[in-house]
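Subject: Handover of a structure

Dear colleague,

I am handing over the structure below for your attention. Please look through it before reading the notes that come after it.

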Amino acid sequence: MPTITAFENSPDRGKGQARDMRVRWALEEVGLPYDVRLVSFAAMKDPAHLALHPFGQIPTYEDGDLALFESGAIVLQIAERHDGLLPKDANARSRAIAWMFAALNTLEPSIVEFGMTMLFERDKSWYEERLPVLKDRVRIRLGELSRRLGEAEWLDGAFSAGDLMMVTVLRRLNASRLLEEYPDLSAYVARGEARPAFRRAFDAQLAVFTAASTGK
């Protein structure tokens with residue numbers, strides 16, 4: 001049974017933004033039981049954790065003699081070893097993996113920069129000037145993605161690891177309400193959130209925060 005790491009007390013207050021959510025969701029989609037080891041912010045900088053994740057973050061993944069870090073690499077590992085997240089057809093499989101990379105490399109950087117600026121730079125002199133620039137960068141990517149998705153249910157045929165990764169990235173815009181400008185993308189995210197595997201993963205992550213906040 002694989003073991004993943006997650007925040008002992010998630011900074012997103014259990015809203016499913018922490019990156020272990022992606023791994024939990026993937027494991028739930030393929031029906032693979034897993035253990036979770038909770039780590040504090042202090043413990044993430046300990047040598048034992050740094051041996052698993054050299055940048056002192058979460059999640060990590062351990063299965064037998066395999067140890068991985070980076071949520072994208074972990075989800076890809078799960079998808080390649082278990083049915084349910086990658087198509088059987090070789091070309092479709094490659095396209096699904098390409099969408100995983102697109103979510104992490106093309107969409108997420110601008111979305112994270114925009115979100116971090118909203119959260120932590122409001123008191124800076126450049127905030128009012130910088131925020132619209134970052135917002136427009138996100139809008140460009142969302143517009144491109146919206147045009148590609150069109151009226152399709154998922155990015156390339158059936159639901160895949162590419163959709164899983166893209167939905168988790170787009171959900172980072174929830175607090176800004178920017179995604180509401182693109183009804184097709186909002187509906188796309190809602191379809192992902194409606195999947196039973198997503199709900200199980202979300203509830204499991206939320207339970208950690210709830211327990212931590214109540215001291216149970």
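Predicted model: local features only at pLDDT ≥ 70, side-chain atom pairs only at ≥ 80, totals over all residues.

Residues are numbered from 1 along each chain as its sequence is written, and side-chain values use heavy atoms, with hydrogens and water left out.

Helix H1 comprises residues 20–30; helices here are DSSP runs of H or I with at least four residues, numbered from the N terminus. Eleven of its eleven residues are buried, so H1 is largely enclosed by the rest of the structure. Buried denotes under 20% relative accessible area, exposed over 50%, and partly exposed in between, with a 1.4 Å probe and protein chains only. Among the buried residues of H1 are Asp20, Arg22, Arg24, Glu28 and Glu29. Gly31 follows the helix and has a positive phi, near 70 degrees.

The whole structure contains seven aromatic pairs (rings of Phe, Tyr and Trp, the last by its six-membered ring, with centres within 6.5 Å; planes under 30 degrees apart are stacked, over 60 edge-to-face, and the rest tilted). One of them joins Trp25 and Phe198: the ring centres are 5.0 Å apart and the planes stand at 80 degrees, so the pair is edge-to-face. Because Trp25 belongs to helix H1 and Phe198 to helix H8 (residues 196–214), this pair ties together parts that are 173 residues apart in sequence. Trp25 counts as buried at 0% relative accessibility, and Phe198 is buried with a relative accessible area of 1%.

The rings of Trp154 and Phe159 also form an edge-to-face pair, with centres 5.0 Å apart and planes at 75 degrees. Both Trp154 and Phe159 are buried. Ring pairs link Trp25, Trp154, Phe159, Tyr188, Phe198 and Phe202 into a cluster.

Two arginines place a charge over rings of this cluster (NZ of Lys or CZ of Arg within 6 Å of the ring centre and within 35 degrees of the ring normal). The charged end of Arg191 lies over the ring of Trp154, 5.8 Å from its centre, and that of Arg195 over the ring of Phe159, 3.8 Å from its centre.

Elsewhere, Phe120 in helix H4 (residues 90–120) counts as exposed at 54% relative accessibility.

Definitions and conventions
Helix = DSSP H or I, 4+ residues; strand = E, 2+ residues; numbered from the N terminus.
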